[in-house]
Amino acid sequence: WRKIGLLAHAGVFQVKVFRKPRVALIPTGNEIGEPFETQKGTKNSGFWSIRHLLESEGAECFYMGVVPDDAEKVKEAVENATELADIVVTLGGVSRGKYDIVKKIIPLTAFTVKFTETNIRPGKPLLFATYGKKLFFGLPGYPSASVVNALEFLVPAVRKMAGRTNWKNTYITAFAGEPLKSRRGRVDFVRVLLFEEDGRLKVKGAGSQRTGVFKTTATCDGFAVLGEDRETALPGEKVEFLPAR
């Protein structure tokens, strides 16, 4: 709002703007329930995390509702979302299981699949496809994995589509305050807490690193990113830190 006042002060009354990117969100899975529903099952936590993350980056989000593991219904939801949005995002159904419908359906739509997995943990399953200027992201069902993939891939895409020149992620150099386990051959996003000690920014593990554990993803300060050519980071070694937003 201050910059708008500055433009007025300088006599500028016309500026180039970008429309907010429209993102359609489609959680999938027979087991997914809403937070307010009482039946047992997996709550729709991934959707709420991703939605508010993208809205904080300036996206306009559309909730398409939970879609069961039914090929025709998933295909219909994706096609409807494609008409509505610039970016279509599904949650779940992109791994190698019997009910991973999304991975089988997207090649039958107008989208052209570019890749179906990454070298990241958590977040190895990730389907990315394009249709003209429209983008598709098939995020994994585990919220801890979907958040990592959203931060690393989806958020920069939203920023760039919004016309921002600083769309790339910013990584901060920090130092391991304790051993951070990793495995050579993959990129590990280790959930960590950030603290200052002896004039240095340091990180330590936030707790369980299991993909199925969402609590540490929700409560960590960010992620220590350990490249595929690296094993466990020892105390005092430099690491790249990606803040969680």
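Predicted model: local features only at pLDDT ≥ 70, side-chain atom pairs only at ≥ 80, totals over all residues.

Student: OK, which residues form a nonpolar patch on the surface?

Tutor: Leu7, Val12, Val15 and Val17, and together they have about 330 Å² of accessible area.

Student: Where is Leu7 placed?

Tutor: In helix H1, which covers residues 2–9. Leu7 counts as partly exposed because its relative accessibility is 33%.

Student: Moving inside, how many residues has the largest nonpolar core?

Tutor: It has 32 residues, and Val23, Ile50, Leu54, Phe137 and Leu154 are the ones with the most contacts inside it. Several elements each supply at least two of its residues, including strand E1 (22–27), helix H2 (45–56) and helix H5 (143–161). H5 gives the largest share, eight residues.

Student: And what does Leu154 touch?

Tutor: Leaving out residues up to four places away in sequence, Leu154 touches Ile50, Leu54, Ile87, Val89, Phe137, Leu139 and Asn149. Another core, of 18 residues, lies apart from the largest one; Ala81, Val88, Ile101 and Ala129 are among its members.

Student: Switching topic: is Ala176 buried or exposed?

Tutor: Buried, because its relative accessible area is 2%, under the 20% cut-off. Ala176 lies in strand E10, residues 172–176.

Student: What separates the C-alpha atoms of Ala176 and Val203?

Tutor: 5.3 Å, although the two residues are 27 apart along the chain. Ala176 touches Val203, and its other contacts include Ala233, Leu234 and Pro235.

Note on methods. Residues numbered from 1 in each chain as written. Heavy atoms only, no water. Patch = residues over 30% accessible without salt bridge, like charges linked within 9 Å, V, L, I, M, F, W, Y side chains within 5 Å. Areas by Shrake-Rupley, 256 points an atom, 1.4 Å probe, with all protein chains shown as cover. Salt bridge = Lys/Arg side-chain N within 4 Å of Asp/Glu carboxyl O. Helix = DSSP H or I, 4+ residues; strand = E, 2+ residues; numbered from the N terminus. Buried < 20%, exposed > 50% of the residue type's maximum accessible area, 1.4 Å probe, protein only. Core = buried A, V, L, I, M, F, W, Y, C linked by side-chain atoms within 4.5 Å. Contact = heavy atoms within 4.5 Å.
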